[in-house]
Amino acid sequence: MNIHIMTLFPDMVMGGLNTSIIGRAMDKGILSIEAVNIRDYAYNKHQSVDDYPYGGGAGMLMQAEPVYQCYRAVLERIEADKKPRVLYMSPQGKTFSQKMAGELAEEEELIFLCGHYEGIDERVLEEIVTDYVSIGDYVLTGGELPAMVMVDAVSRMVPGVLHNDVSAEFESFQDNLLEYPQYSRPEVWHEKRVPKILLSGHHANIEKWRREQSVIRTAEARPDLLERAELTEKERELAEAYVKNSLQSLSECDKI
Ligand code: ADE
């Protein structure tokens with residue numbers, strides 16, 4: 001997969017992505033990530049890329065032409081027969097999810113566009129952007145951090161990026177459940193014991209316990225996810241008991 005990130009801060013983006021698992025995948029050639037500096041496509045001698053918004057208002061806007069020329073330059077380097085998706089990082093976009101990460105991981109080429117200041121001239125967005133994506137209901141100073149978050153989440157779904165492809169299968173949000181708790185050596189730490197069942201070597205029972213723990217965790221922390229999870233009747237009862245319990249303890253607090 002080839003990822004192209006259009007940004008005014010290429011060092012920030014590459015500094016964050018060059019390390020650990022994603023960095024190794026780049027070294028192995030499974031993944032290529034380049035940050036392209038929009039400022040290199042400024043068309044005035046001061047290399048400025050922003051200007052005041054028509055109609056007034058706070059702050060500066062990134063101008064259309066440098067963004068467009070940067071996009072054209074990226075396209076020229078891509079050998080795909082169809083135009084790649086262009087993802088614009090914006091709090092007004094569709095909320096990013098694990099499902100979206102999985103879908104994007106199937107693309108061969110992806111272009112991320114990071115805005116800064118008060119955003120980007122609408123006309124160039126209309127012309128080049130295919131997807132508006134937000135990473136959550138809060139406002140950041142630019143699209144670089146959201147792009148890094150998304151590139152990380154998408155990259156680890158690309159086959160070969162994780163050492164062990166199984167670990168991308170059994171994790172939070174798969175099946176709309178959160179991941180079960182995990183333990184490593186020593187067996188006792190701060191007087192806390194590893195749950196006995198994990199030492200039993202009985203794989204079927206361990207799987208059952210882990211599944212139960214996932215259901216309980218999800219019921220406690222993200223009951224909204226449970227509506228979309230496929231649960232057995234027993235698991236649904238377990239989840240409902242947890243939700244009811246926490247509601248009860250809430251109403252007891254109310255009495256105080
Ligand atoms: N740019 C600023 N805030 C953002 C957010 N929450 N998600 C994506 N892009 C953004």
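1. Throughout this note, buried means under 20% relative accessible area, exposed means over 50%, and partly exposed covers what lies in between, with a 1.4 Å probe and the protein chains only. By that criterion G23 is buried, since its relative accessible area is 4%. G23 is found in helix α2, residues 20-27, where helices (H or I, at least four residues) and strands (E, at least two) are DSSP runs numbered from the N terminus. Leaving aside its neighbours within four places in sequence, G23 is in contact with L17 and N18, contact meaning heavy atoms within 4.5 Å. The C-alpha atoms of G23 and V161 are separated by 9.8 Å, although these residues stand 138 residues apart along the chain.

2. A word on the basis of these values. The model is a predicted one, in which local features need pLDDT of at least 70 and side-chain atom pairs count only at pLDDT 80 or more, whereas totals for chains, interfaces and linings use all residues. Residues are numbered from 1 along each chain as its sequence is written, and side-chain values use heavy atoms, with hydrogens and water left out.

3. The ligand site comes next. Surrounding the ligand are M89, S90, P91, V133, S134, I135, G136, Y138, V139, L140, G142 and P146, a residue being near a molecule or strand if one of its heavy atoms lies within 4 Å of it. Two strands, β5 (85-95) and β7 (131-134), each supply at least two residues of this shell, and the largest share, three residues, comes from β5.

4. A nitrogen atom of the ligand is 2.8 Å from a polar backbone atom of Y138, a backbone N or O atom of L140 lies 3.0 Å from a ligand nitrogen, and for a backbone N or O atom of S90 the distance to a nitrogen atom of the ligand is 3.1 Å. Taken alone the ligand exposes 260 Å², and the protein buries 96% of that, with accessible areas taken from the Shrake-Rupley method with a 1.4 Å probe and, for residues, only the protein chains shown counting as cover.

5. S90 deserves a separate remark. This residue is found in strand β5 and counts as buried at 8% relative accessibility. Not counting residues up to four places away in sequence, S90 touches V133 and S134, both of which are also listed around the ligand.

6. The structure holds two aromatic pairs, where rings of Phe, Tyr and Trp (its six-membered ring) pair if their centres lie within 6.5 Å, and planes under 30 degrees apart count as stacked, over 60 as edge-to-face and the rest as tilted. Y68 and Y71 form a tilted pair, at 6.4 Å centre to centre and with 40 degrees between the planes. Both residues lie in helix α3 (residues 64-77), three residues apart, which is about one turn of the helix; Y68 is partly exposed at 23% relative accessible area, while Y71 is buried at 6%.

7. Y88 and Y132 form an edge-to-face pair, 5.8 Å centre to centre with 85 degrees between the planes. Because Y88 lies in strand β5 and Y132 in strand β7, the pair ties together parts that are 44 residues apart in sequence. Y88 is buried, with a relative accessible area of 7%, whereas Y132 counts as partly exposed at 32%.

8. The peptide bond from R185 to P186 is cis, with omega near 5 degrees, and P186 lies in the loop between α6 (144-155) and β8 (188-189). N176 has its place in the loop between α6 and β8, and its phi is near 60 degrees, a positive value in a residue other than glycine. Phi of Y117 is near 55 degrees, again positive in a residue other than glycine; Y117 lies in the loop between β6 (109-113) and α5 (122-128).

Notes: A polar contact is a pair of N or O atoms within 3.5 Å; within protein, one must be able to donate a hydrogen and the other to accept it, and residues adjacent in sequence count only if both atoms are side-chain atoms.
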